[in-house]
Amino acid sequence: MFITLFSFSLIGVMSELNQIETLEQVLEDRIHLDDFSLSSNSNIYDANGELISEVFSSENRIYLPYSEIPESFMKAIIVTEDQHFFSHKGFDINGMIRALFVNAQQQTIEQGGSTITQQLVKNIFLNNERSYNRKLTELLYAYQVEKMFTKEEILEFYLNAIYFHNGVYGIETASQYYFAKSAKDLSIAEVAFLCAIPNNPTLYNPFAYPENTHKRKEWILRKMLEENYLDEYQFQKAMTEKINLSTPKDKIDLYPDYVTYIHDELEQLIGETEGFNQKIANATSDEEKNSAIRNRQQRVKQVLASGIHIYTALLPHKQELISATIEKQLPGNVIQAAAVIIDHRSHRLVAISGGKNYRKFNFHRGFQAYRQPGSAIKPLLVFAPYLAETRVPISTSVNAAPFCKNEYCPQNYDGAVYENVQIETAFKHSLNTAAVRMLEQISAEKGFSYLNKFGFSKIVPDDYRLSAALGGLTYGVSLLEMTTAYSTFANDGVFQRARGIEKVVDKHGKILYEWPDAQIEVWNKEVNTKMRILLNKVVTDGTGKKANIHRSYNGGKTGTTNEFHDLWFIGLNENYTTGVWVGEDLPKSLAPFKSKAPHLLIWRDLMKQQ
């Protein structure tokens, strides 16, 4: 009686579905194509296209499109889970009646008679509650899903959705996890072995209960033989084949310094492309700003969960060289250091370090640390703007005599006193009094009109003062910002921000995001040529002689802050612009190390091998 009543109820429900438009509209409102999606792993690649980092979302899944799903998987799943898959409309009446009969006998809900479509609906929209109310909801969803998608699309979703224990979802992920190869390369026996697991992932966990998995594998192979999916030869071969499981491997996650930066740049790229950054900039309150930041972060998570591929400019040998060089010149754990290498021909960030012994997502000294730049700011804020405004040759004399204005009285290194000196001399020996006088002559506002073209993120109006000529800033600058700005000297005075991300594509290869960076002329070619001469004089005759290397061109500028809290050297050769910072996280005098010039030696070792 119970079975008969339920059957009539089901027929009634189907009749209502066909006649009552409002119910169908409700279902369409609740189930949308955009909602019907599976999270998937995202990948980050280096400049050679090699995988350097797998980004897992809530589920470890490598999504496989229908065209790449091996036929053997589809046959094994259909024969064991839903033999009438290609003929029913979301549910199998005969299967449900059989399940109802068993449940009535057992006086429990032991069997569900679920089709592949119903199982897919349960995995994505519902839960594992065993009740007739939930079962009816499952039927309604399954009916609607069958209207929205083709059988092939449903099977694709299902084979990517099913759980294979050990945190593994989908047939491709399972193939690589258990056999260390792609699904397309599995034998029939290996396919049957994997397809045994989802029926009860705990019971058929291959590492915990291999005998259970093998028994179900054999049952699946027999079912495939019965349904003529295998011939006798294939069946016997599969039954006798030895199954060799691979040792589970940790996810690929290399170069934490660079990958950490790429995650941050991805957020900026998405924020710039989709308008989040503009909303953050235009926010009129902290609450509004924080809300926009949270929305941007949520969007990044959503994009990463869709299974994207992020192609970067990373050159692994450069990244490894940074770590080895810093450790060589600064052994131990007291003093920190970071370095940035930019290919200024392509405006690509090829390597960046976050500090010694860096761990992923920790504080990153390459782009998150804002420090006083000392004299390293002079080329950008003082000398290039001065040459651009006055159009004088570098042999021109400037006043380097003692300077004092409004109680601001800067001194030269070791208190040295000068009179008039050539611009070249003032630059290569980093004379503070000359730099302050030069900035005063063109005005701080004019100097900052050039500096602001580089987009330093923490420059504020209070910085528009003469002390800025020596790096006296309110919040400071990052090593990445400084190195990117210096790359202008390699490009005839034209600035373009260096990026680590080349492009971001979806799982079908469609480009989602690319940087649309424009070039900005900061000063003309004539000024730039003069600056390159001055930068070269620093390493041949000035404060940076320990960084000198025999190249067709090399040049740079030192920077030392008050009490030697920070040591900088940023420079370029014909191929790369490289910046180095040395210091302690909690500023402390490095005076005992200054004579050793670790910042110059690190830069030299990085650049001489390029």
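**Rings, strands and a disulfide**

Trainee: How many aromatic pairs does the structure hold?
Mentor: This is a predicted model, in which local features need pLDDT of at least 70, side-chain atom pairs count only at pLDDT 80 or more, and totals for chains, interfaces and linings use all residues. Residues are numbered from 1 along each chain as its sequence is written, and side-chain values use heavy atoms, with hydrogens and water left out. Rings of Phe, Tyr and Trp (its six-membered ring) pair if their centres lie within 6.5 Å; planes under 30 degrees apart count as stacked, over 60 as edge-to-face and the rest as tilted. The number of aromatic pairs in the structure is 17.

Trainee: What kind of pair do Y178 and F207 form?
Mentor: The ring centres of Y178 and F207 are 5.5 Å apart. The planes of Y178 and F207 make 35 degrees, and the pair counts as tilted.

Trainee: How many residues apart are Y178 and F207?
Mentor: Helices (H or I, at least four residues) and strands (E, at least two) are DSSP runs, numbered from the N terminus. Y178 belongs to helix α8 (residues 171–179), and F207 to the loop between α9 (188–196) and α10 (210–226). The pair links distant parts of the chain, with a separation of 29 residues.

Trainee: Is F207 buried, partly exposed or exposed?
Mentor: Buried means under 20% relative accessible area, exposed over 50%, and partly exposed in between (1.4 Å probe, protein chains only). F207 has a relative accessible area of 36%, so the class is partly exposed.

Trainee: Which helix holds F427, the partner of F383?
Mentor: F383 and F427 form an edge-to-face pair, 4.9 Å centre to centre and with 85 degrees between the planes. F383 is buried at 0% relative accessibility, and F427 is buried at 0% too. The two residues are 44 apart in the chain: F383 is in helix α16 (residues 378–390), and F427 is in helix α17 (residues 423–428).

Trainee: Which lysine lies over the face of F85?
Mentor: A charge sits over a ring if NZ of Lys or CZ of Arg is within 6 Å of the ring centre and within 35 degrees of the ring normal. R345 lies over the face of Y576, at 5.7 Å from the ring centre. Over the face of F85, at 4.6 Å from the ring centre, lies K151.

Trainee: Is S175 buried or exposed?
Mentor: S175 is placed in helix α8. With contact taken as heavy atoms within 4.5 Å, and leaving out residues up to four places away in sequence, S175 touches F73, A180, K181, S182, A183, L186 and L194. Its relative accessibility is 0%, so S175 is buried.

Trainee: Which residue of the hairpin of β6 and β7 takes a positive phi?
Mentor: Strand β6 (residues 336–343) runs antiparallel to β7, with 4 bridges between them, and V340 stands opposite I352. Strand β7 (residues 348–352) is largely enclosed by the rest of the structure, because 4 of its 5 residues are buried. The hairpin has 4 residues between the strands, and the residue with a positive phi near 60 degrees is H347.

Trainee: Which cysteine is joined to C404 by a disulfide?
Mentor: A disulfide is a pair of cysteine sulfur atoms within 2.5 Å, and the count by this rule is 1. C404 is exposed at 52% relative accessibility, whereas C409 is partly exposed at 40%. With an S to S distance of 1.6 Å, the partner of C404 is C409.

Definitions and conventions:
Two strands pair if DSSP finds at least two bridges between them.
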